[in-house]
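Dear colleague,

Please find the structure below. My notes on helix packing and aromatic rings follow it.

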Amino acid sequence: RLHVDGDLRFAEKTPRNATIVGFLADAFTEAKFIHIYRDGRDAALSLSKQPWITKAGAEKRQYEPGGYPMGPYPQYWVEPERSAEFQATSDFHRCIWMWRQVTEAALDGGQTLEPERYHELRYESLVVNPEQEADRLLRFIGMENTASRDALHHALKQSRSDAVGTW
């Protein structure tokens, strides 16, 4: 959501950007990074229901927003020597692979940033304690505007507890 709260705020949530945190931090010197992560088993299950890297996705003959063809095709985050393995493995294993690569990249990238620029948030904590996690986020991003604060609190209360522990 773009919102004017003393200045312009922009949120971008493409998971593959986790692999270029250093570049983004250099390009956007005042940017803050929020890494929301969740249990890998639930994340992989959720990913497996999307067409991005599944065999069923290939049947659609479509491209995902990053320009990669949907389906079981190796993307840039797959180790080159493991491309054939990536294509041959199960849909669910590819989803686990993607979660691991993106999560490790985000954690590694976050370690290079100053604490005032990087914040980690576990999805399961968000679902259990939305008020507390909203307050932590608001402190991190320095949001003071009451309407904006209320909007974030409202949005985080909508977190889906039924998406936790479904694996």
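Helices α7 (residues 130–141) and α8 (residues 146–157) cross at roughly 140 degrees, and their axes come within 9 Å; α7 and α8 are therefore oblique to each other. Angles under 35 degrees count as roughly parallel, over 145 as roughly antiparallel, 65 to 115 as roughly perpendicular and the rest as oblique. Helices are DSSP runs (H or I, at least four residues), numbered from the N terminus. Axes are lines fitted to C-alpha atoms over the stretch in contact, and angles run from 0 to 180 degrees between N-to-C directions.

This is a predicted model, in which local features need pLDDT of at least 70 and side-chain atom pairs count only at pLDDT 80 or more, while totals for chains, interfaces and linings use all residues. Residues are numbered from 1 along each chain as its sequence is written, and side-chain values use heavy atoms, with hydrogens and water left out.

In the contact (heavy atoms within 4.5 Å), P130, E131, E133, A134, D135, L137 and L138 of α7 meet R149, L152, H153, L156 and K157 of α8.

Helix α2 (residues 40–48) packs against helix α5 (residues 91–111) at about 125 degrees, with the axes 8 Å apart. That makes α2 oblique to α5.

As for aromatic rings, the whole structure holds three aromatic pairs (ring centres of Phe, Tyr or Trp, the latter by its six-membered ring, within 6.5 Å). The ring centres of W77 and F86 lie 5.5 Å apart with planes at 85 degrees, so this pair is edge-to-face (over 60 degrees; under 30 is stacked and the rest tilted). Ring pairs join W77, F86 and W97 into a cluster.

Notes: Helices (H or I, at least four residues) and strands (E, at least two) are DSSP runs, numbered from the N terminus.
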